[in-house]
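Please read these notes with the structure open beside you.

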Amino acid sequence: MKKTVDYMIEHARKLLQHDRNAYRQLMHSLLRMSQGGDGGQPEPWSMATVRSEYYPDWTNEDFGRVLAALEE
């Protein structure tokens, strides 16, 4: 499933209601990727990064749009 900015905004809002720790981790990851980071490896044995695996078409600005919409 291709993740859109709108999808991630809604996902993060639901996460905030149900798991604040996971929400904070997501915000940290999105902030780093909004600054050009790759999000690290999704699994220790994976050669891919979070960004290349789950957000291949996203720009730094896309991550920033999610953060702005969530007022982070």
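1. Buried means under 20% relative accessible area, exposed means over 50%, and partly exposed lies in between, with a 1.4 Å probe and protein chains only. Helices are DSSP runs of H or I with at least four residues, strands are runs of E with at least two, and both are numbered from the N terminus. The model is predicted: local features need pLDDT of at least 70 and side-chain atom pairs count only at pLDDT 80 or more, while totals for chains, interfaces and linings use all residues. Residues are numbered from 1 along each chain as its sequence is written, and side-chain values use heavy atoms, with hydrogens and water left out.

2. Which residues of α2 are buried? They are Y23, L26, M27, S29, L30, M33 and S34. These residues cover an arc of only 165° around the axis, so they sit on the same side of α2. The arc is that of the directions from the helix axis to the C-beta atoms. N21 and Q25, on the other side of α2, are exposed.

3. The cover over the buried residues of α2 includes α1, α3 (50-54) and α4. For contact, heavy atoms must be within 4.5 Å. M27 is in contact with A12, L67, L70 and E72, leaving aside neighbours within four places in sequence.

4. A nonpolar core is a set of buried Ala, Val, Leu, Ile, Met, Phe, Trp, Tyr and Cys residues joined through side-chain atoms within 4.5 Å. The largest one has 17 residues, and L26, M27, L30, Y55, W58, V66 and L70 touch the most other members. At least two residues of this core come from each of α1 (5-18), α2 (20-34) and α4 (60-69).

5. The length of α2 can be checked. The expected span of a helix is 1.5 Å times one less than its number of residues. The 15 residues of α2 should therefore span 21 Å, and the end C-alpha atoms are 21 Å apart, which agrees.

6. After α2 comes G36, whose phi is positive, near 100°. T49 lies in the loop between α2 and α3. Why does T49 count as buried? Because its relative accessibility is 19%. Not counting residues up to four places away in sequence, T49 touches D38, G40, Q41 and P42.
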